[in-house]
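Here are two exercises to work through with the model open beside you. Try each task before you read its solution.

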Amino acid sequence: MNLQHFPRRIYTEYNTPIQPLRHLSKILGGPNIYIKRDDLLGLTGGGNKTRKLEFLVAHALEQGADTLITTGAVQSNHCRLTLAAAVKEGLKCRLLFEERNRKYDPNGNGNLFLDRLMGVEKIKVVPDGTDVVSEMDIMKQELESEGRKGYIVAEGGGNDIGAMGYVNCVHEILEQSQEMEIQFDHIVTASGSGGTHSGLVAGIHDSTVNIPVTGINVRRGKFQQEQKVYGIIRNLVDRLDLHDDVPREAVHCLDDYIGPGYALPSEDTIAAIQLLAQKEGILLDPVYTGKVMAGLIGLVKEGYFSHDSNILFLHTGGTPAIYEFKSTILNQHILG
Ligand SMILES: Cc1ncc(COP(=O)(O)O)c(C=O)c1O
């Protein structure tokens with residue numbers, strides 16, 4: 001599948017590394033676990049949204065927008081990166097925060113600090129469960145009444161335009177896999193807004209390899225999340241004019257590692273964060289990647305992967321948020 005004719009901005013001028021997690025693999029007694037470092041993508045603080053924003057912002061510029069509008073939870077990585085893309089493009093950015101299991105604190109650390117530092121134009125805060133799509137429409141109308149033109153970036157960049165970033169990522173992974181002479185048998189990723197997961201599944205389906213992808217949910221139940229991911233894939237199939245439909249069974253999500261709720265880590269999440277920090281020197285976050293790593297470790301322990309297989313963990317970023325969770329991470333008994 002050739003994405004060349006879709007408008008795209010380039011925010012990362014290199015392939016993100018794939019590295020072996022030797023200590024973790026040894027501790028778990030196999031399989032061979034590798035990590036794709038999308039936490040090292042371009043734009044301020046990195047993370048998976050950068051790949052999606054390359055296509056989403058190109059679309060916004062094509063429409064003549066002068067302001068990006070988007071939404072997320074109060075420690076949203078997606079909001080921080082949308083703002084960073086706006087700064088890079090000389091656009092303005094307005095954010096809508098939903099207080100999902102966490103209150104907005106104007107003096108908050110982590111992503112909130114970075115949002116202020118990068119000069120977010122306006123912040124609107126709404127309670128959990130608000131219809132954020134309608135709220136963003138109102139924000140867009142407000143801009144229009146000021147003679148400006150807003151572009152709404154879907155929550156989490158989770159639509160078919162954003163997902164093209166992860167179709168591209170599949171091309172990158174396959175190129176690296178050839179260079180490294182390693183065949184990956186399974187990919188494990190976070191499944192939130194679904195853009196990352198759907199792009200990976202569609203990209204693999206359209207390739208010459210068949211690598212199963214397991215999505216670890218961070219918020220929704222298994223069925224609801226699988227439907228969400230599959231919905232994006234269907235739009236992606238239309239957008240990219242793929243000859244072949246992606247089967248529904250290719251979408252596989254697990255909801256066993258969400259813990260107490262969105263942005264609420266379980267003990268296993270914190271243990272996974274500590275383990276990766278102490279054994280690999282890699283930072284994971286309590287909202288997404290810590291849960292995904294807890295999921296991967298849980299799956300290894302239950303014998304889900306064959307002993308000598310090569311598993312690719314996608315590090316989707318989120319590192320700036322950990323500073324806001326310092327006490328949660330340190331209050332649990334430290335390993336080692
Ligand atoms: C660090 C991080 N990982 C994973 C995700 C989930 O990715 P997606 O929204 O593409 O499902 C997000 C979404 O906000 C995120 O910020």
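**Exercise 1: the cavity**

Searching the whole structure turns up 1 cavity of 30 Å³ or more. (On a 1 Å grid over the protein atoms alone, a cavity is a set of points where a 1.4 Å probe fits but cannot get out, and lining residues have an atom within 4 Å of a point.) This is a predicted model, where local features need pLDDT of at least 70 and side-chain atom pairs pLDDT 80 or more, while totals for chains, interfaces and linings use all residues. Numbering runs from 1 along each chain as its sequence is written, and side-chain values use heavy atoms, leaving out hydrogens and water.

Task: find what lines the largest cavity, and where it lies.

Solution: 

1. Start with the volume, about 80 Å³ for the largest cavity; a volume here is the space filled by probe spheres set on the points, which are joined across faces, edges and corners.
2. Next, list the lining: 13 residues, with Ala-73, Gln-75, Tyr-262, Ala-263 and Val-287 nearest the centre.
3. Sort these lining residues by type, and you get 8 nonpolar, 3 polar and 2 charged. (Tyr and Ala count as nonpolar, and Gly as polar.)
4. The domain bounds come from an automatic or database domain assignment.

**Exercise 2: the interface**

Solution: 

1. The C-alpha centres of the two domains are 24 Å apart.
2. Contact (heavy atoms within 4.5 Å) involves 33 residues from domain 1 and 30 residues from domain 2.

Terms used: On a 1 Å grid over the protein atoms alone, a cavity is a set of points where a 1.4 Å probe fits but cannot get out, and a pocket is an open set with protein on both sides within 12 Å along at least five of seven lines; lining residues have an atom within 4 Å of a point.
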